[in-house]
Amino acid sequence: MDPLQDVSRETRQRLEILVETLERWQKAINLVGRNTLDGVWKRHIVDSAQAVPLIPAEAKTLADLGSGGGFPGLVIAAMRPDLDITMIESDARKAAFLGEASRKMGLAKPPKLVIKRIEVAPPANAEVVTARALAPLAQLLEWSDRHRMDTTICLFHKGKGWQAEVDEAKKKWDFSPEAFASVTDRDAVLLRIGPYTAAADLRDRQPEGRRR
């Protein structure tokens, strides 16, 4: 199912502006893999958009980690204009792109842009945390721990090695992932992870204030 088939004309126009801005900036800085530009709508827009149905309708806040070229953060912002979105990106040039793309898209709620490393950025306390093509799952859970609440849902795009990443991450974290088949890559999934805790041996070594 195409996650864009029911979007409004205004939303599609905003996504077209994102693509146009991306293609212009890509000539100067590497925002996405150069071999993905020809299929930018499927590889990046649709791939990001498929996360939207997995976001609870009642959610109000979302943190996108390592936003880079705006995926999935800016796509979600276009499709869920009710959300207060924080995009965390440490690369100043990529952050400049995100700022310009956001302005040109005319988003109802422009995302808050935090130009810091994920592990030192102020806690976002978000109801939803997203990340795409960023890091192994164990690392994502560690970074997300700083920016979530106890009831937060994490949504991570993962490629064909996702099961091995889950197995590795379970050495450090107690969690129960749901895997949703990707509509753009038969070997990929979206992982939805609800509340999670540090594995017992790790939890025993954490300071009291960080135990969950």
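Predicted model: local features only at pLDDT ≥ 70, side-chain atom pairs only at ≥ 80, totals over all residues.
Local features need pLDDT of at least 70 and side-chain atom pairs count only at pLDDT 80 or more, while totals for chains, interfaces and linings use all residues. Residues are numbered from 1 along each chain as its sequence is written, and side-chain values use heavy atoms, with hydrogens and water left out.

**Helix packing**

- Helix H1 (residues 9–26) and helix H4 (residues 92–105) pack at an angle of about 145 degrees with their axes 9 Å apart, where helices are DSSP runs of H or I with at least four residues and axes are lines fitted to C-alpha atoms over the stretch in contact, with angles running from 0 to 180 degrees between N-to-C directions.
- The contact (heavy atoms within 4.5 Å) is made by residues including Ile17, Leu18 and Trp25 of H1 and Phe97, Ala101 and Met105 of H4.

**Salt bridges**

- The structure holds nine salt bridges, each a side-chain nitrogen of Lys or Arg within 4 Å of a carboxyl oxygen of Asp or Glu.
- Aspartate 47 and arginine 132 form one of them, with the closest N and O atoms 2.7 Å apart; aspartate 47 lies in helix H2 (residues 40–49) and arginine 132 in strand E4 (residues 126–132), so the pair ties together parts that are 85 residues apart in sequence, strands being DSSP runs of E with at least two residues.
- Aspartate 47 is buried at a relative accessible area of 11%, as is arginine 132 at 13%, where buried means under 20%, exposed over 50% and partly exposed in between (1.4 Å probe, protein chains only).
- Lysine 158 pairs with glutamate 165 at 2.8 Å between the closest N and O atoms; lysine 158 is buried at 8%, whereas glutamate 165 is partly exposed at 24%.
- Lysine 171 and glutamate 168 meet at 3.0 Å, N to O, with lysine 171 exposed at 55% and glutamate 168 partly exposed at 44%.
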